[in-house]
Amino acid sequence: MTVLHTLSRLAGSPAALADTLAYLAPGSALMLYQDAVAMAAQPRFAEVLAPYSLFLLEPDLQARGLTAVLPATTVDYPGFVALTLQYDNVQAW
C-alpha cells in the first residue's frame with residue numbers, strides 16, 4: 001500500500017522529525033505544506049528527509065519567501081489533489 005504522508009508543522013529538530021518518520025513504510029512519500037515547508041529550506045533536515053519522495057506546496061513556499069534547498073518536487077493546489085489520488089492512502093500528521 002502506498003501512502004502520502006502530509007506534514008503541516010515545522011519539526012523542532014531533525015531528531016523530532018526522525019521520530020515521526022520512523023512510522024513511515026518504505027516507499028512512502030511526504031507532502032510538506034503550511035509551516036512544514038520551512039524544513040525544505042533548512043539543510044539540517046536533509047539527512048532525515050533524503051530517503052523519501054518529497055513534495056512541497058509551492059504557494060506555501062512563496063508565501064514564506066522560502067527556496068527549497070533539498071531535492072523536492074513542488075506542486076500547486078491541483079497538484080496536491082492529484083497526489084492524494086495517486087496514493088492508496090493519505091495520512092496527516
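**Met 39 and the cores around it**

Biologist: Where is the place of Met 39?

Modeller: This is a predicted model, in which local features need pLDDT of at least 70 and side-chain atom pairs pLDDT 80 or more, while totals for chains, interfaces and linings use all residues. Residues are numbered from 1 along each chain as its sequence is written, and side-chain values use heavy atoms, without hydrogens and water. With helices (H or I, at least four residues) and strands (E, at least two) taken as DSSP runs numbered from the N terminus, Met 39 sits in the loop between β2 and α2.

Biologist: Is Met 39 buried or exposed?

Modeller: Buried means under 20% relative accessible area, exposed over 50%, partly exposed in between (1.4 Å probe, protein chains only). Met 39 touches Leu 7, Leu 17 and Leu 49, among others, not counting residues up to four places away in sequence; contact means heavy atoms within 4.5 Å. Because its relative accessibility is 0%, Met 39 is buried.

Biologist: How many residues has the largest nonpolar core?

Modeller: Such a core is a set of buried Ala, Val, Leu, Ile, Met, Phe, Trp, Tyr and Cys residues joined through side-chain atoms within 4.5 Å. Met 39 and Leu 21 are among those with the most contacts inside the largest one. α1 (14-21), β2 (29-32), α2 (46-49) and β3 (53-57) each supply at least two of its residues. The core's count is 19 residues.

Biologist: In β3, which residue is the bridge partner of Ala 29?

Modeller: β2 and β3 run parallel, joined by 4 bridges; strands pair if DSSP finds at least two bridges between them. In β3, the partner of Ala 29 is Ser 53.
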